[in-house]
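Please open the model in a viewer and keep the selection tool at hand.

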Amino acid sequence: MGAFQLPSQITQKNQKIIHVDMDCFFAAVEMLDNPELKDKAVAVGGSPNGRGVLCTANYEARKFGIRSAMSSVEALKKCPHLIFIRPRSSRYKEISDQIKEIFHTYTDKVEPLSLDEAFLDVTNSSDCQGSATLIAEKIKNDIFQKTGLTASAGVAPNKFLAKVASDWKKPNGLFVINPHETAQFAKELPIGLVPGIGKVTEKKCHSLGLRTLGDVHHYPYSWLESHFGKFAGSLYSKSFGIDNRTVGSNGSRKSLGCEETYHSDLMSYSEIEDRLPFLAEELSFRTNHYFNKNPDGPRPIKIYVKVKTNEFNLHTYEKLLRHIPLKLDNERDLIETSKVLLDNFHNMFQDLYNKIDSPPLRLLGVGFRIAANPHQEIERMGQLRLL
Ligand code: TTP
Ligand code: MG
């Protein structure tokens, strides 16, 4: 099998991208507000008395193997002195807003991915004589001055590498990948560190002989496509250190959503129920951000929930949005939005879960289907039976 070459038309756009990601965000806020927690192992999430799941844990707790999305019971087994704290979303949102404000003092091109992370395009920024590295340092410093929290930052010529770089030196890290280093860096990158490759895909890659991203060069593109489908194209570009997505771009988006994959399967409806407040809040945050950025863009027409079973079967359940009292277009009140979403998710997940005979679940997802012209789209689907 011949190794493939980078076609000459695939080149990296000249970009200076910073990815900023707060360190153990929810746990860090809890430690900030209660300094007694500082040197203790702390987790934020459901209590181990129920069947809760962790949102995150501080770095002290991570020494014991505690991770996001782990069940609280399992976490307690690994670390018996772990302190559990219930999430306080409005406080996290408050700090998230302060961080966002800092980003906007450096560039208008800011794309938040969640409450605690964002991409910034500083290609045309004149701050620090245009040095993205110095800007990243200043941003980290500003965040610390304003909030008392540390962030990690990655600097690179594209989104893919900037995101990898922000994780490289966590916590309180700064890592820079210069343009001349991108190809080599990407080639040597362990495949499991490529954003979008989770634990399951990582396993699949290993079984196919792909341990580093550069290993894909040993196979023809058709082979990659047969194993990875639509993902092959981006994997292929990334293997050369190339990613030409721009900050703030969403491509031709058909849906807007978020999902969580769990370390241990959710075994009952009450375990599902525990995760719904987080999903509702996360979705209302993302939606609000999306509509602020795209006031004339596609509108949501349906709301969906989805689950993946322990056997990797995916099931979704959708509802037309016109039956739901959500004012997303100019919704300012995120708490109200997430309350309405939460009510709907309760009903929809319960129905879906019963319908598929309550199997163990490894993933929950929620979101909106969006379309350029909602009326047309609804007409087209007129014959479909929607609930
Ligand atoms: P992350 O940035 O993934 O994690 P983190 O900030 O806690 O830790 P790190 O230092 O490794 O960046 O997520 C940000 C916040 O989102 C996290 O503090 C809690 C929340 N979250 C969940 O509620 N559930 C999850 O499964 C994950 C991954 C995050
Ligand atoms: Mg983080």
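Select first helix α4, residues 89–104: its 16 residues reach 22 Å from the first C-alpha to the last, close to the 22 Å expected at 1.5 Å a residue (the expected span being 1.5 Å times one less than the number of residues). Helices are DSSP runs of H or I with at least four residues, strands runs of E with at least two, numbered from the N terminus.

This is a predicted model, in which local features need pLDDT of at least 70 and side-chain atom pairs pLDDT 80 or more, while totals for chains, interfaces and linings use all residues. Residues are numbered from 1 along each chain as written, chains are lettered from A and ligands numbered from 1 in written order, and side-chain values use heavy atoms, without hydrogens and water.

Within α4, colour Y92, I95, S96, I99, K100, I102 and F103, the buried residues (under 20% relative accessible area with a 1.4 Å probe, protein chains only; exposed is over 50%). Down the axis of α4 they fall within an arc of 155°, so they line one face; the arc is taken from directions from the helix axis to the C-beta atoms. The face turned away carries exposed S90 and E101.

Next, select the magnesium ion (ligand 2), coordinated by D21 (OD), M22 (O) and D116 (OD) at 2.0 to 2.3 Å; donors are N, O and S atoms within 2.8 Å of the metal (3.2 Å for Na, K and Ca), water not being among the atoms. M22 lies in strand β1 and D116 in the loop between β5 and β6, so the pair ties together parts 94 residues apart in sequence. Both M22 and D116 are buried.

Finally, go to T287 in helix α11, residues 269–293. T287 is buried, with a relative accessible area of 1%.
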